[in-house]
Amino acid sequence: MELKRKLKVGVLGATGMVGQRFIALLENHPWYEVVAVAASPRSAGKTYAQAVGDRWKMDSPIPGAVKDLVVMNVNEVEKVASFVDFVFSAVDMTKEEIMAIEEAYAKTETPVVSNNSAHRWTPDVPMVVPEINPEHFEVIAFQRKRLGTKKGFIAVKPNCSIQSYAPALTAWREFEPYEVVATTYQAISGAGKTFQDWPEMKGNLIPYIGGEEEKSEQEPLRLWGKIENGVIVKAKEPVITCQCLRVPVLNGHTAAAFVKFRKKPAKEQLIEKLQQFKGLPQKLGLPSAPEQFMRYMEEDNRPQVSLDVDFERGMGISIGRLREDTVYDYKFVGLSHNTVRGAAGGAVLCAELLTAQGYIEAK
């Protein structure tokens with residue numbers, strides 16, 4: 001797919017860790033150009049480099065095309081919207097404030113692709129992993145009627161914690177998984193932190209991440225749901241119970257999962273389904289799409305965060321240790337990059353699919 005010109009993009013909440021990841025991922029993007037960065041009033045009026053200061057957390061330097069952009073006040077919705085074709089949202093506000101500001105941008109006829117959780121359960125807002133449930137974008141037509149917009153809408157991506165096990169369960173849907181126990185071991189960047197910011201996490205484990213277990217249990221069911229009467233109705237199965245632990249890892253969420261199937265498959269069938277699984281992003285060859293969405297690793301000690309988190313530039317999922325269980329049918333370990341596939345990268349891929357399907361276009 002070729003665009004007549006690059007689409008003009010704004011990043012809301014551009015100075016935070018996920019905002020920074022958006023900026024880094026969009027450098028030299030073939031379809032998109034960052035022309036506006038917006039953040040809280042205290043950052044407004046400074047250049048992006050000044051506003052971020054010594055808080056830049058990415059491995060690569062601040063892109064030259066962005067560092068001298070003057071940060072805009074994210075609350076000046078009409079002004080920011082006038083510069084851009086669409087926005088990525090990574091704002092750090094209360095749930096109510098996020099819902100209100102994302103809707104305000106959508107009502108200026110500016111599509112919003114959000115990393116935030118605020119609208120994940122708004123019935124007519126699609127929450128999409130592009131390889132899993134791209135058909136949910138069809139609910140946008142109903143959302144636009146509610147908002148009174150022709151082009152504006154909100155789309156979101158799901159929580160980073162589910163990306164390490166929900167894709168595998170999706171590949172195995174024909175075998176009817178009906179009960180899942182999962183424990184996630186989540187990196188500190190999921191809290192927007194590095195070890196410099198959070199030295200007490202070194203050699204530590206915290207057995208609680210606020211709100212994370214509910215998201216990990218419920219959000220996969222929304223991915224597997226159906227559009228009925230203009231809203232997304234979540235699936236009833238599999239029933240998932242989850243524990244979420246914060247571990248001393250910078251990037252990479254690992255999951256240990258146990259699964260019961262109604263139609264118990266052979267191990268070889270499960271591995272084959274993982275390896276062969278392709279979604280719309282792969283078929284369309286979208287710029288950020290991993291060539292291989294999921295891979296299976298045969299070694300007993302893989303996947304490992306330090307070796308495997310950057311598989312497919314952080315956009316691929318690594319699965320290993322699949323074996324029969326004495327209580328459940330099978331158990332496995334999954335690994336995903338929480339700030340690439342699980343956050344900004346997943347949102348960029350959503351935007352690419354929305355662009356390819358005509359939902360996002362030049363104003």
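Tutor: Helix 1 gives the most to the lining of the largest pocket, with four residues. This is a predicted model, where local features need pLDDT of at least 70, side-chain atom pairs count only at pLDDT 80 or more, and totals for chains, interfaces and linings use all residues. Residues are numbered from 1 along each chain as its sequence is written, and side-chain values use heavy atoms, with hydrogens and water left out.

Student: What counts as a helix here, and what as a pocket?

Tutor: Helices (H or I, at least four residues) and strands (E, at least two) are DSSP runs, numbered from the N terminus. A pocket is an open set of points on a 1 Å grid over the protein atoms alone, where a 1.4 Å probe fits, with protein on both sides within 12 Å along at least five of seven lines; lining residues have an atom within 4 Å of a point.

Student: How much space lies in the largest pocket?

Tutor: About 1,100 Å³, taken as the space filled by probe spheres set on the points, which are joined across faces, edges and corners. It has 41 lining residues, and the closest to the centre are Val18, Ala90, Val91, Asp92 and Asn116.

Student: Which helices supply at least two residues of that lining?

Tutor: Helix 1, helix 8 (212-223) and helix 12 each do. By class, the lining of the largest pocket has 13 nonpolar, 19 polar and nine charged residues. Ala, Val, Leu, Ile, Met, Phe, Trp, Tyr, Cys and Pro count as nonpolar, Asp, Glu, Lys and Arg as charged, and the others, Gly among them, as polar.

Student: And the second largest pocket, what lies closest to its centre?

Tutor: The second largest pocket holds about 570 Å³. Of its 29 lining residues, Arg21, Leu25, Arg313, His337 and Val340 are the closest to the centre. Helix 1 and helix 12 are the elements giving two or more residues to this lining, and helix 1 gives the most, with four.

Student: Is helix 1 buried or exposed?

Tutor: Eight of the 10 residues of helix 1 (residues 17-26) are buried, so the helix is largely enclosed by the rest of the structure. Buried means under 20% relative accessible area, exposed over 50%, partly exposed in between (1.4 Å probe, protein chains only). Among the buried residues of helix 1 are Arg21 and Phe22.

Student: What covers those buried residues?

Tutor: The cover includes strand 1 (7-12), strand 2 (32-39), helix 2 (48-52) and helix 12 (340-356). Contact means heavy atoms within 4.5 Å. Just after helix 1, Asn28 takes a positive phi of about 60°.

Student: New topic. Where does Gln186 lie?

Tutor: Gln186 lies in strand 7 (residues 177-186). At 1% relative accessibility, Gln186 counts as buried. Its side chain makes a polar contact with the side chain of Thr184 (2.7 Å). A polar contact is a pair of N or O atoms within 3.5 Å; within protein, one must be able to donate a hydrogen and the other to accept it, and residues adjacent in sequence count only if both atoms are side-chain atoms.

Student: Which peptide bonds are cis?

Tutor: One joins Glu237 and Pro238, with omega about 0°, and another joins Arg302 and Pro303, with omega about 5°.

Student: What about Asn229, buried or exposed?

Tutor: At 82% relative accessibility, Asn229 counts as exposed. Asn229 has a positive phi of about 50° although it is not a glycine.
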